[in-house]
Amino acid sequence: MKKLSIILLILGLLTGCSEKGTYIKNTTPYDEHSVENVLMSNEHVKLAKVLLYEDELLAGIRVNTFSRFKKKAIANKIQKKLEREYPDLKVTVSADSKILLETEKLINKKSEKNYRKKIDKIKSIEKEQT
Amino acid sequence: MQQEKYAQIEKELSPKPPIMKNVIKAFLIGGSICLIGQFIALFYITYFDFTERTASNPTVATMIFIAMLLTGFGLYKKIAQFGGAGAAVPITGFGNAVVSASIEHKSEGYVLGVGGNMFKLAGSVILFGVFSAFVVALIKTILVKFGVVSW
Amino acid sequence: MVKRGVLTFHSKPSIYATGVTAGPLENKKSVFAQQFDKSYEDERCDLPTNEDGHKQLMYDAVLIALSKAKKQPEKIDFLLTGDLVNQMTPSNFTAHALAIPYIGLFSACATSVSSMITAALLADAKHANWIVAGSSSQHNAIERQFRYPVEYGSQKGATAQWTVTAAGAALIGQHTQGTPVIDCATVGKVVDMGMTDPLNMGSAMAPAASDTLMNHLTGHGKTVDDYDTIITGDLGSNGFKIFKALANENGLPHTKNFRDAGEEFYGNDPSFKAGASGSGCSAAVFFSDVYQKLLTGEYKRVLLLATGALLSPLSFQQGDTIPCIAHAIELTMEEVTAP
């Protein structure tokens with residue numbers, strides 16, 4: 001029993017969050033390389049899912065565990081940088097895991113039918129304060 | 001016999017509270033309650049339209065609801081006897097204080113009994129919680145004004 | 001010369017019968033459960049409130065004591081009872097239901113003995129033939145009175161005691177052979193050693209118990225060895241330990257025959273921390289275990305030393321210390337002389 005709990009504890013510590021990197025889905029003629037550059041150059045970002053669709057740039061990011069306290073500032077910084085890179089796009093960057101989750105869902109979708117509606121929905125819940 | 005002398009004898013013979021043991025127990029119980037809360041928050045984020053920020057409200061309500069059931073079935077006091085501060089500090093401890101006072105004073109009627117005594121124990125938590133939030137916000141506002149920190 | 005607080009009853013009033021009622025938890029956990037006369041399935045005795053149940057405990061205990069002596073309430077001259085609820089309403093309602101002339105007594109958890117002392121005084125002065133003395137407590141009602149709501153989760157330390165749900169009543173009358181008789185008693189002084197923790201009442205009460213014990217022994221010229229047992233009311237394991245240490249310090253090296261009702265009540269079960277407390281605790285043990293051991297001859301002479309913490313929720317919240325009292329009463333079982 002004691003050994004089992006120690007093994008479970010170690011496994012729990014090791015597995016944590018292992019997904020890393022930047023995943024980008026681009027359905028627009030814009031070049032997505034500068035997105036990757038901006039995200040990868042920030043040392044706090046662990047995982048990012050980015051979707052470019054029509055005039056929208058949606059980015060959900062996950063920051064390193066100990067950077068979580070300032071994750072809002074990190075997201076704001078990235079947002080400003082991306083806005084400079086893509087002046088024609090409406091940029092939304094959020095460190096909230098809900099945004100990451102929903103963006104990932106959209107990326108994995110086969111058809112682009114409901115993208116507009118979904119993106120509007122994500123942007124609206126991202127703005128909610130309470 | 002003098003009071004001081006008796007206080008000395010009493011101190012020698014009375015059992016000492018096992019502080020280290022209590023701290024570990026409080027850590028385990030408090031940690032477990034927060035872990036359950038985290039799972040509930042994740043549930044709301046995954047299956048409903050809540051973000052990390054907005055999920056805290058339904059999570060708190062759910063935790064209080066669970067604490068209410070545990071209090072009513074007489075289980076929360078057993079958890080608290082084991083966990084001490086670990087069971088009192090999370091929001092479930094607040095729920096327990098409100099619900100236990102309500103149960104206790106139900107026999108005096110709903111208006112003067114339940115209504116009047118519901119916050120008998122939790123009232124000071126609300127008062128000093130609001131007051132300390134005010135003080136912290138005031139300090140932060142001043143610091144932002146002087147440019148020491150940003151929002 | 002009259003010694004202050006020291007009483008001798010020359011007519012030796014008798015304890016004819018006793019009645020003890022207890023709640024469901026006590027019936028399950030108490031080591032004395034077999035000796036209780038009645039226990040309830042429900043801690044409120046199937047009544048709407050805890051205080052109603054508290055009243056029912058006391059009422060039934062009195063009726064059981066009377067029925068054992070085949071007496072009706074109309075034949076009883078005085079009812080002397082007390083409890084710990086505000087203004088002693090459970091006792092007052094009991095007195096109304098029984099319609100016996102009544103004096104409510106408050107000595108906190110020492111009421112079991114203070115009521116017996118008063119009853120013995122009335123009987124000794126031939127003011128009454130039959131007197132009922134007793135006290136009671138109900139866990140939920142008393143916890144609410146003195147501490148937090150019952151379901152509130154607060155961590156209790158190792159010195160905390162558990163208020164019992166129990167009541168005890170004794171029918172006291174003029175001297176009769178073949179019954180335990182009240183020999184003498186000592187009324188205690190209030191002793192306050194500056195203790196302030198209401199969750200450590202044992203150590204607050206121990207000095208009062210020790211003070212009254214010394215007064216009783218010197219006042220009546222007795223030694224500890226004269227008694228088969230000296231049983232304190234509800235000091236709990238911690239208070240009892242301190243009480244024995246104080247006795248040693250006062251020149252009483254042998255404490256083998258000392259007992260504590262509070263410590264023994266739940267059989268040292270650690271989930272009850274330091275043991276039992278409440279005015280029903282001493283009454284239930286004195287009127288069941290001790291009384292029956294006197295009847296069977298196992299004990300010839302005992303000293304009941306009930307202790308009470310005279311605090312109120314207001315007084316300790318205002319930072320006052322806990323004043324405590326202890327009363328002692330000596331019971332003997334006389335050899336029945338063949339006619």
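Arg68(A) is partly exposed, with a relative accessible area of 41%. In this predicted model, Arg68(A) pairs with Glu52(B) in a salt bridge, the closest N and O atoms being 3.5 Å apart. Glu52(B) is also partly exposed, at a relative accessible area of 22%.

The salt bridge between Glu52(B) and Arg68(A) crosses between chains and joins two loops. On chain B, Glu52(B) sits in the loop between helix H2 (19-47) and helix H3 (56-72). On chain A, Arg68(A) sits in the loop between strand E3 (56-63) and H3.

Which residues of chain B does Asp96(A) touch? Leaving aside its neighbours within four places in sequence, Asp96(A) is in contact with Thr51(B), Glu52(B) and Arg53(B). The side chain of Asp96(A) reaches the backbone nitrogen of Glu52(B) at 2.8 Å.

Asp96(A) lies in the loop between strand E4 (90-94) and H4 of chain A. Asp96(A) is buried, yet has no salt bridge. The nearest side chain of opposite charge is Lys71(A), 5.5 Å away.

## The interface of chains A and B

Chain A brings 17 residues to the contact and chain B brings 10. Together the two chains bury about 1,100 Å². Carbon and sulfur atoms account for 42% of that area. Three salt bridges cross this interface. Nine residue pairs, both at pLDDT 80 or more, are in polar contact.

Three helices of chain A each supply at least two residues of the side that touches chain B: H3 (71-85), H4 (97-108) and H5 (115-127). H4(A) gives the most, with five residues. By type, this side of chain A divides into 10 charged, four nonpolar and three polar residues.

## The interface of chains B and C

Two pairs of chains are in contact, and chains B and C share the most contacts. The contact takes 30 residues from chain B and 30 residues from chain C. These chains bury about 2,500 Å² between them, 57% of it on carbon and sulfur atoms. Tyr6(B), Gln81(B) and Glu104(B) supply 27% of the area that chain B buries against chain C, more than any other three residues.

The interface of chain B and chain C holds three salt bridges. One of the cross-chain pairs is Lys77(B) with Glu151(C), at 3.6 Å from N to O. Helix H1 (3-13), helix H4 (76-83) and helix H6 (91-104) of chain B each give at least two residues to the side that touches chain C. H1(B) has the largest share, seven residues. This side of chain B divides into 12 nonpolar, 13 polar and five charged residues.

## Arg144(C) and Glu108(B)

Arg144(C) forms a salt bridge with Glu108(B), the closest N and O atoms being 2.0 Å apart. The pair crosses between chains. Arg144(C) belongs to helix H5 (residues 139-146) of chain C, while Glu108(B) lies in the loop between H6 and helix H7 (110-117) of chain B. Glu108(B) counts as partly exposed, at 39% relative accessibility.

## Chains A and C

How far apart are the closest C-alpha atoms of chain A and chain C? They lie 26 Å apart, and no contact joins the two chains.

## Inside chain A

Chain A has five helices and four strands. From the N terminus on, the order is α-β-α-β-β-α-β-α-α. Buried residues make up 42% of its 130 residues. Among contacts between residues at least 6 apart in sequence, 63% join residues at least 24 apart.

Lys105(A) meets Glu102(A), the closest N and O atoms being 3.5 Å apart. The two residues are three apart in H4, so about one helical turn separates them. Lys105(A) is partly exposed at 46% relative accessibility, whereas Glu102(A) is buried with a relative accessible area of 13%.

## Salt bridges overall

Over all chains, a search of the whole structure finds 26 salt bridges.

Definitions and conventions:
Residues numbered from 1 in each chain as written. Chains lettered and ligands numbered in written order. Predicted model: local features only at pLDDT ≥ 70, side-chain atom pairs only at ≥ 80, totals over all residues. Heavy atoms only, no water. Contact = heavy atoms within 4.5 Å. Buried area = accessible area lost by both parts, 1.4 Å probe. Salt bridge = Lys/Arg side-chain N within 4 Å of Asp/Glu carboxyl O. Polar contact = N/O pair within 3.5 Å; in protein donor to acceptor, adjacent residues only side chain to side chain. Nonpolar A, V, L, I, M, F, W, Y, C, P; charged D, E, K, R; others polar. Buried < 20%, exposed > 50% of the residue type's maximum accessible area, 1.4 Å probe, protein only. Lys, Arg positive; Asp, Glu negative; His and termini not counted.
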